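Take a moment with the picture, then read on.

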Amino acid sequence: AAQDNIKFDVDFRTSYDNLQYETVNGNKYENDALYTNRLWLGMGYAPSENMMFKGQLAVNKAYGASYGQR
């Protein structure tokens, strides 16, 4: 009745990476199976012509990473 509306949008991306690098002291590292997901949830609301709200929630997740492993 008030003609208010809330709009949502979604952006979901998946990537696969093959990493190979060498540190300053000469150590070589590689990871041939690093998957990452990124999810963005956007929202917008305009209760009047002079007022607008826009927001975004984001999350990133890595699979196959070796944190703290030697």
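Which residue lies over the face of Trp-40? That would be Arg-38, at 3.7 Å from the ring centre.

## Before we start

This is a predicted model, where local features need pLDDT of at least 70 and side-chain atom pairs count only at pLDDT 80 or more, while totals for chains, interfaces and linings use all residues. Residues are numbered from 1 along each chain as its sequence is written, and side-chain values use heavy atoms, with hydrogens and water left out.

## The overall layout

The protein chain has 0 helices and 3 strands, and reading from the N terminus you get β-β-β. Both kinds of element are DSSP runs numbered from the N terminus: helices are H or I with at least four residues, strands are E with at least two.

The strands make an open sheet in the order 1-2-3, with antiparallel pairing. Strand 1 and strand 3 (51–63) are the edges, each pairing on one side only. On average, neighbouring strands of this sheet are turned by 15° against each other, direction ignored. (Axes here are lines fitted to C-alpha atoms, for helices over the stretch in contact, and angles run from 0 to 180 degrees between N-to-C directions.)

## How the strands pair up

Two strands pair if DSSP finds at least two bridges between them. Strand 1 and strand 2 are joined in the antiparallel sense by 16 bridges; Phe-12, for example, has Leu-39 in strand 2 as its bridge partner.

Strand 2 and strand 3 also run antiparallel, with 12 bridges. Gly-42 has its bridge partner, Gln-56, in strand 3. These two strands form a hairpin, and 2 residues sit between them.

## Inside or outside?

Let's sort out some words: buried means under 20% relative accessible area, exposed means over 50%, and partly exposed is in between (1.4 Å probe, protein chains only). Buried residues make up 9% of the 70 residues in the protein chain. Strand 3 is hardly covered, with 0 buried residues among its 13.

Is Leu-57 buried or exposed? Leu-57, which has its place in strand 3, is exposed, with a relative accessible area of 52%. Leaving aside neighbours within four places in sequence, Leu-57 is in contact (heavy atoms within 4.5 Å) with Leu-39, Trp-40, Leu-41 and Met-43. Leu-57 and Leu-41 are 16 residues apart along the chain, and their C-alpha atoms are separated by 5.1 Å.

## Rings and charges

A pair of aromatic rings is described by the distance of the centres and the angle of the planes. Rings of Phe, Tyr and Trp (its six-membered ring) pair if their centres lie within 6.5 Å; planes under 30 degrees apart count as stacked, over 60 as edge-to-face and the rest as tilted. The structure holds 2 aromatic pairs. One of them is Tyr-16 with Tyr-35, a tilted pair with 5.0 Å centre to centre and 50° between the planes. Tyr-16 lies in strand 1 (residues 6–22) and Tyr-35 in strand 2 (residues 28–48), so the pair ties together parts that are 19 residues apart in sequence. Tyr-16 counts as partly exposed at 46% relative accessibility, and Tyr-35 does too, at 42%.

Back to charges: one sits over a ring if NZ of Lys or CZ of Arg is within 6 Å of the ring centre and within 35 degrees of the ring normal. Besides Arg-38 over Trp-40, the charged end of Lys-61 sits over the ring of Tyr-63, 5.4 Å from its centre.
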